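Please read them beside the sequence and the coordinates.

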Amino acid sequence: MFTQIINAITKNGISTVIFAAIGAMIALNYKAIVSWMWTTIQAGALVKSHEITIKELKAEIQTLRERMEDYNKLLLENSRIISRLEERLVQKNAKNRIKDKENEEI
């Protein structure tokens, strides 16, 4: 076999023999090469799809953070209002008790 390769090289040249060997390897491994290429293309499409999904999710997360900040501001304001109203109720109840005690004494 080795002598056949040397005869082919001397007859056709080294570059022709190398290209023929590469062509034979490609021909013998055609299915594996095509399968690898197809898998690589699918993986690239999947990665691109995931990148788009990640960008959309990041935008949605930012929107939700902004909403959460708005809701937190509303919650704080409502808590302050409730606190002031409770304070007024306590003061009013205290005044009413004082008036009731005054009325009982009369």
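1. Glu77 is partly exposed, because its relative accessible area is 34%, where buried means under 20%, exposed over 50% and partly exposed in between, with a 1.4 Å probe and protein chains only. The model is a predicted one, in which local features need pLDDT of at least 70 and side-chain atom pairs count only at pLDDT 80 or more, while totals for chains, interfaces and linings use all residues. Residues are numbered from 1 along each chain as its sequence is written, and side-chain values use heavy atoms, with hydrogens and water left out.

2. Glu77 takes part in a salt bridge with Arg80 at 3.6 Å, N to O, the term standing for a side-chain nitrogen of Lys or Arg within 4 Å of a carboxyl oxygen of Asp or Glu. Both residues belong to helix 3 and are three residues apart, about one turn of the helix. Arg84 also meets Glu77 in a salt bridge, at 4.0 Å, N to O, and Arg84 is partly exposed at 48% relative accessibility. Through shared partners, Glu77, Arg80 and Arg84 are joined into one network, and the structure holds two salt bridges.

3. The protein has three helices and zero strands, helices being DSSP runs of H or I with at least four residues and strands runs of E with at least two, numbered from the N terminus. The radius of gyration is 42 Å, well over the 13 Å that the globule rule gives for 106 residues, so the protein is more spread out than a compact globule; the radius is taken over C-alpha atoms, and the rule is 2.2 Å times the number of residues to the power 0.38. Along the principal axes, the C-alpha atoms fill a box of roughly 135 × 20 × 20 Å, and buried residues make up 0% of the 106 residues.

4. Tyr30, which is in helix 3, counts as exposed at 54% relative accessibility. From Tyr30 to Ile81 there are 51 residues in sequence and 76 Å in space, C-alpha to C-alpha.

5. A nonpolar patch on the surface includes Ile14, Phe19, Ile33 and Trp36 among its residues; such patches join nonpolar side chains (Val, Leu, Ile, Met, Phe, Trp, Tyr) within 5 Å, from residues with over 30% relative accessible area and no salt bridge. Helix 2 (14–28) and helix 3 (30–105) each supply at least two of its residues, and helix 2 gives the most, with five. Ile33, located in helix 3, is partly exposed at 32%.

Definitions and conventions:
Patch = residues over 30% accessible without salt bridge, like charges linked within 9 Å, V, L, I, M, F, W, Y side chains within 5 Å. Areas by Shrake-Rupley, 256 points an atom, 1.4 Å probe, with all protein chains shown as cover.
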